[in-house]
Amino acid sequence: MDPHRAGSIVYLGMMVGAFFWGGLSDKVGRRQCLLVCMSVNGFFAFLSSFVQGYSTFLFCRMLSGFGIGGAVPIVFSYFAEFLAREKRGEHLSWLCMFWMIGGIYASAMAWAIIPHYGWSFSMGSAYQFHSWRVFVVVCALPCVCAVVALTFMPESPRYYLEMGKHDEAWMVLKQIHDTNMRARGEPEKVFTVNRIKIPKQLDELVEMQSESANPAAKVLFRIRSELRGIWLTFLKCWDYPVKDNTVKLAIVWFSLSFGYYGLSVWFPDVIKHLQADEYASRVKNHRNERIEDFTFNFTLENQVHANGLFINDRFVNMKFKSVTFKDSTFQNCYFEDVTSLGSFFKNCTIVDTFFYNTDIDDSKFIGSSVINSTFAHNKTGCQITFDDDYSAYWVYFINFLGTLAVLPGNIVSALLMDKVGRLSMLGGSMVLSGISCFFLWFGTSESMMIAMLCLYNGLSISAWNSLDVVTAELYPTDRRGTGFGFCNAMCKLAAVLGNLIFGSLVGITKAIPILLASSVLVCGGLVGLRLPDTRANVLM
């Protein structure tokens with residue numbers, strides 16, 4: 001499975017989902033859309049843990065991404081519309097911290113669950129449930145909890161007012177007021193309203209047409225009208241004076257996401273590349289050996305056997321780990337219960353040899369001749385364990401450290417968001433993140449690269465938090481979900497491109513990823529400084 005391809009599929013689903021659900025939330029409500037999109041994510045996340053085919057798995061992950069893609073634009077719009085101006089930036093920043101908490105949860109679960117390959121079962125060779133599938137199920141559980149919690153949450157009162165539902169808005173605001181007064185020890189205070197917005201007039205022609213149609217035409221008409229409504233709301237994001245803000249926000253979202261997700265892919269792969277180089281430097285070479293009537297029942301690791309001759313040898317209950325046989329001959333040998341990892345037979349000759357319960361198949365023979373040999377009861381499925389591939393274990397640990405490193409930045413951004421200002425934190429964080437990329441030139445070891453990853457994540461988190469706050473505050477209520485959804489869709493498009501571009505540069509050169517990420521982040525930060533300051537603004 002190509003991780004870059006799988007990740008890109010999820011981001012593509014999130015890109016479409018962000019635009020669709022964000023736009024729909026401006027038409028039918030924040031809470032209702034959030035419930036549906038989280039339910040879609042949870043259902044297909046659970047389903048993806050049980051499917052067996054690779055293409056079906058990718059399809060389920062894409063639909064899961066389509067569901068979760070709507071969560072970010074809706075949840076920030078939803079929460080912002082409950083907050084008072086004085087503490088809006090701070091509380092939205094605390095909301096951003098749950099991104100970090102989710103990342104820590106996912107990294108910790110991967111680290112704790114996936115290495116336990118004993119957590120698996122199979123039903124013949126057709127159905128296998130490995131520990132990584134348990135991890136997928138566990139990662140879907142918070143989504144289920146969120147759906148349950150949302151059923152007890154009210155709709156946004158500001159959305160109700162925008163739709164002309166002033167009675168519903170009044171009830172929600174009264175509930176918030178009474179709860180706050182009880183918490184302050186002043187339950188006797190009465191909720192009053194000084195001014196209320198005039199309700200919108202509904203389109204009677206649309207209502208009549210939808211009521212008079214048959215059920216199938218009714219559903220089709222509703223879908224078409226909602227999609228048309230989303231598109232018309234999106235076009236309003238390009239009207240003056242919102243157009244200028246939309247262009248700048250799209251540039252900042254794209255640049256921050258491209259640098260962040262690109263380097264997030266590049267960092268672990270570079271560390272694995274450094275590990276592989278160090279591992280290859282310790283390889284043991286064996287040449288022109290002749291071994292007869294010998295039983296191998298121990299692990300062979302990190303070896304190259306060239307021009308060898310193996311006659312009447314037995315390979316029983318053992319493992320090949322990064323072992324390569326070149327130009328060697330195996331005559332009348334016996335392989336039983338053998339597992340191979342990164343091991344190959346190149347230009348070898350296999351004569352009168354029996355393979356039983358091994359994972360050695362055609363993919364292991366490169367330019368080799370297999371003559372009068374038998375393969376029986378071959379192993380199926382993934383046979384790798386973390387004892388075999390320790391570098392995979394490090395990937396989860398590194399992701400956990402990188403996610404944990406954003407904690408100080410989250411706390412600082414929350415405490416200073418309403419004091420320093422959104423734009424100063426956005427531009428400053430992106431510029432500092434871009435500058436920190438140049439320290440990667442000196443990353444020649446695993447520990448140094450991990451330290452650079454933590455530094456970069458810690459500096460960039462303030463930019464993410466500030467950008468979420470600014471985006472929610474710049475758009476008026478009637479197009480807040482649509483505008484945020486479009487910006488988030490640009491973010492996911494950049495994530496796809498960053499995934500593919502930076503992933504293809506691993507092991508080739510350091511210069512291009514470093515210069516590319518630095519220039520994009522610095523330019524995006526400078527554009528972010530040109531956005532209007534929303535610190536003192538009341539939500540439109």
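So, β4 and β7: three bridges join β4 to strand β7, residues 309–311, and the two run parallel. Strands here are DSSP E runs of at least two residues, helices are H or I runs of at least four, and both are numbered from the N terminus. Within that pair, Arg290 stands opposite Leu309 in β7.

Quick word on where this comes from. It's a predicted model, with local features needing pLDDT of at least 70, side-chain atom pairs counting only at pLDDT 80 or more, and totals for chains, interfaces and linings using all residues. Residues are numbered from 1 along each chain as its sequence is written, and side-chain values use heavy atoms, with hydrogens and water left out.

Okay, zooming out to the sheet. Five strands make an open, parallel sheet, ordered β4-β7-β9-β12-β15; pairing takes at least two DSSP bridges between two strands. At the edges sit β4 (290–292) and β15 (369–371), each pairing on one side only.

What does the whole chain contain? There are 17 helices and 16 strands. Of its 540 residues, 46% are buried, and buried means under 20% relative accessible area, exposed over 50%, partly exposed in between, using a 1.4 Å probe and protein chains only.

Now contacts, meaning heavy atoms within 4.5 Å. Taking those in the chain between residues at least 6 apart in sequence, 61% join residues at least 24 apart.

Last stop, Met448. You'll find Met448 in helix α15, residues 446–474. Is Met448 buried or partly exposed? Partly exposed, because its relative accessible area is 34%.
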